[in-house]
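Here are my notes on the model you sent.

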Amino acid sequence: MLAGDVAWHMDAVRLNRVKDAPWIKEPAELMAAELDWLNGLSRNENNLSIVISHDDEQRRDYIARGILGDGFE
């Protein structure tokens with residue numbers, strides 16, 4: 001699942017931490033609800049990989065494990 005810009009790092013999903021940036025205009029409570037939903041999916045759906053757009057460490061790990069192709073950027 002491509003979660004895009006919901007978070008900048010998968011840790012934000014694991015810890016349910018909204019982005020701390022003054023230019024973010026989304027309501028924090030809605031962002032927290034999205035993170036909570038993704039957190040539940042990550043814990044309960046064994047065959048699901050959540051891809052966070054800006055998490056380079058996760059991307060490299062997924063490429064190494066064959067979850068993503070090498071050209072995914």
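1. Is Gln58 buried or exposed? The model is a predicted one, and in it Gln58 has a relative accessibility of 8%. The cut-off for buried is under 20%, so Gln58 counts as buried. The residue belongs to helix α3, which covers residues 56-64.

2. What does the side chain of Gln58 lie 3.0 Å from? A polar atom of that side chain is 3.0 Å from the backbone nitrogen of Ile52. Apart from neighbours within four places in sequence, Gln58 is in contact with Ile52, Val51, Ile50 and Met10.

3. With neighbours within four places in sequence left out, its contacts are Lys19, Met31, Glu34, Leu35 and Leu38. Of these, Met31, Leu35 and Leu38 are listed among the buried residues of α2.

4. Helix α2 has 17 residues. From its first C-alpha to its last it reaches 24 Å, close to the 24 Å expected at 1.5 Å a residue. Its buried residues are Met31, Leu35, Leu38, Asn39, Gly40 and Leu41, and they pack against β1 and α1. As background, an α-helix has 3.6 residues a turn, so residues three or four places apart point the same way.

5. How many aromatic pairs does a search of the whole structure find? The search finds 1. Trp8 and Trp23 form this pair, with 6.3 Å centre to centre and 35 degrees between the planes.

6. Where do the two rings sit in the chain? Trp8 is in the loop between β1 (2-4) and α1 (10-15), while Trp23 is in the loop between α1 and α2 (28-44). The pair therefore ties together parts that are 15 residues apart in sequence. Trp8 is partly exposed, at 34% relative accessibility, and Trp23 is exposed, with a relative accessible area of 59%.

Key. Residues are numbered from 1 along each chain as its sequence is written. This is a predicted model: local features need pLDDT of at least 70, side-chain atom pairs count only at pLDDT 80 or more; totals for chains, interfaces and linings use all residues. Side-chain values use heavy atoms; hydrogens and water are left out. Rings of Phe, Tyr and Trp (its six-membered ring) pair if their centres lie within 6.5 Å; planes under 30 degrees apart count as stacked, over 60 as edge-to-face and the rest as tilted. Helices (H or I, at least four residues) and strands (E, at least two) are DSSP runs, numbered from the N terminus. Buried means under 20% relative accessible area, exposed over 50%, partly exposed in between (1.4 Å probe, protein chains only). A polar contact is a pair of N or O atoms within 3.5 Å; within protein, one must be able to donate a hydrogen and the other to accept it, and residues adjacent in sequence count only if both atoms are side-chain atoms. Contact means heavy atoms within 4.5 Å. The expected span of a helix is 1.5 Å times one less than its number of residues.
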